[in-house]
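Hi everyone, thanks for coming.

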Amino acid sequence: MKPLRRLVAGLALAATLASTAAAQTGLAMRDRLVVISSGSATAVTQMLASGFTERYEGVTAPLVRLLPSSAALELFCAGLGAQTPDIAIVVRRMARSMLDTCQANGVRDVVELQLGLGAVVLAVRRGEPTPNLTTRQVWEALAAERVAAEEFVPNRTANWSDLAPTLPQTPIRLLMPPAGNGTTGLFEDMVLEGGCRDVKAVRLLFEASYRRGKCITLRDDGRVRLMEGAEIPAALLASPPGTVGLISYDQLLASGGNLVALALDGVLPTQASIFAQDYVATRTVYLYAKRQHTRLREGIGVVRGIREFLNEAMAESSTGPGGALSVTGLVPLGPAERTAQRRIADNLTAMSR
């Protein structure tokens with residue numbers, strides 16, 4: 001059984017048991033929140049779940065499940081009821097088409113919150129050369145095809161120095177998460193597509209999907225190695241010299257200086273450059289909640305705690321400067337933006353786009 005189907009089946013079983021208990025005791029349909037998180041938002045989600053449980057005495061810890069961002073939102077939008085999650089925390093904004101899917105499935109009142117900013121990082125071991133790469137060079141190094149005489153040919157580039165004499169004379173090797181991971185998605189959108197958008201041969205392609213394929217399809221000659229995102233920092237430390245790893249900003253901080261970020265287009269990923277969104281691979285971490293699942297005192301709804309979870313998430317002690325989420329690498333929004341997000345959480349304001 002596929003992971004998403006197993007998760008749906010597990011939630012359905014939990015809902016059945018909870019509904020039976022509700023019928024017998026008058027309890028809510030569920031006695032705990034169900035939170036779906038993308039892998040790249042794991043640290044943020046776990047920190048929020050822990051803070052929520054510690055703050056409210058007697059509350060049952062939320063059930064947290066990890067999925068790729070696209071699958072997390074797909075499950076979130078699958079419908080209403082105890083067999084579906086209450087909250088999703090992801091690193092990509094819900095597309096209009098996904099919101100339409102939500103509404104078609106009866107999920108009409110979706111609350112959207114911006115928790116803060118993060119980034120994806122190309123990193124090497126401490127002591128390795130730290131070249132200033134451009135997004136164009138990254139694409140030229142990793143793409144399945146390169147352009148020669150305005151034609152696409154298989155990419156046989158071997159060393160970083162083949163791209164520019166200022167780059168290290170080390171073999172091109174990259175460790176990265178598989179497709180569907182939020183880190184990979186942002187890397188595709190902001191770095192690979194950003195690096196190829198001005199290539200004349202790519203611009204001349206009429207079909208947008210074909211252009212994107214030329215930008216994000218990576219070489220399969222062994223120079224790009226796919227693995228779970230959580231495994232990359234340790235694997236990078238044990239890899240041959242010159243290996244580059246695609247990790248999140250919080251993983252960079254957690255390495256304790258053993259991993260060093262590379263600059264992209266002349267900008268290093270720092271709290272300041274991420275906050276200013278000067279660093280190209282910056283992302284916003286989003287929280288989505290179902291207002292229709294909020295259980296009121298009258299017993300209407302699926303579960304209690306949604307409003308409290310959102311208020312805890314947007315508290316200054318969580319997402320403000322020096323807040324609990326800062327250790328996960330999350331960079332706070334500005335004061336006005338944080339105030340606006342707290343207002344949305346307080347009022348459970350549904351998104352209207």
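This is a predicted model: local features need pLDDT of at least 70, side-chain atom pairs count only at pLDDT 80 or more; totals for chains, interfaces and linings use all residues.

Residues are numbered from 1 along each chain as its sequence is written, and side-chain values use heavy atoms, with hydrogens and water left out.

Okay, cavities. Rolling a probe the size of a water molecule over the atoms shows where empty space is left. Here a cavity is a set of points, on a 1 Å grid over the protein atoms alone, where a 1.4 Å probe fits but cannot get out, and a lining residue has an atom within 4 Å of a point. Points are joined across faces, edges and corners, and the volume is the space filled by probe spheres set on them.

The largest cavity holds about 90 Å³ of space. It has 14 lining residues, and the ones closest to its centre are Gly 118, Asp 250, Arg 283, Val 285 and Thr 328. Two or more lining residues come from each of strand 4 (110-125), helix 10 (249-254) and strand 11 (282-290). Those elements are DSSP runs numbered from the N terminus: helices are H or I with at least four residues, strands are E with at least two. Strand 4 gives the most, three residues.

What's the lining of that largest cavity made of? Eight nonpolar residues, four polar and two charged. For those classes, Ala, Val, Leu, Ile, Met, Phe, Trp, Tyr, Cys and Pro are nonpolar, Asp, Glu, Lys and Arg are charged, and the others, Gly among them, are polar.

The second largest cavity comes in at about 80 Å³. Its lining includes Trp 160, Glu 128 and Leu 262, and by class there are eight nonpolar, two polar and one charged.

On to the rings. Rings of Phe, Tyr and Trp (its six-membered ring) pair if their centres lie within 6.5 Å; planes under 30 degrees apart are stacked, over 60 edge-to-face, and the rest tilted. The whole structure has three aromatic pairs. Phe 52 and Tyr 56 have ring centres 5.4 Å apart and planes at 50°, so that pair is tilted. Phe 52 is buried at 2% relative accessible area, while Tyr 56 is partly exposed at 27%. By the cut-offs, buried is under 20%, exposed is over 50%, and partly exposed is in between (1.4 Å probe, protein chains only).

Tyr 286 is buried at 10%, and Tyr 288 is buried at 0%.

Last stop, the loop between strand 5 (145-148) and strand 6 (151-154), where Ala 149 sits. Most residues other than glycine have a negative phi. What is the phi of Ala 149 near? It's near 55°, a positive value. Glu 150, in that loop between strand 5 and strand 6, has a positive phi of about 60°. Ala 149 is exposed at 75%, and Glu 150 is exposed at 55%.

That's my tour, thanks!

Technical notes: On a 1 Å grid over the protein atoms alone, a cavity is a set of points where a 1.4 Å probe fits but cannot get out, and a pocket is an open set with protein on both sides within 12 Å along at least five of seven lines; lining residues have an atom within 4 Å of a point.
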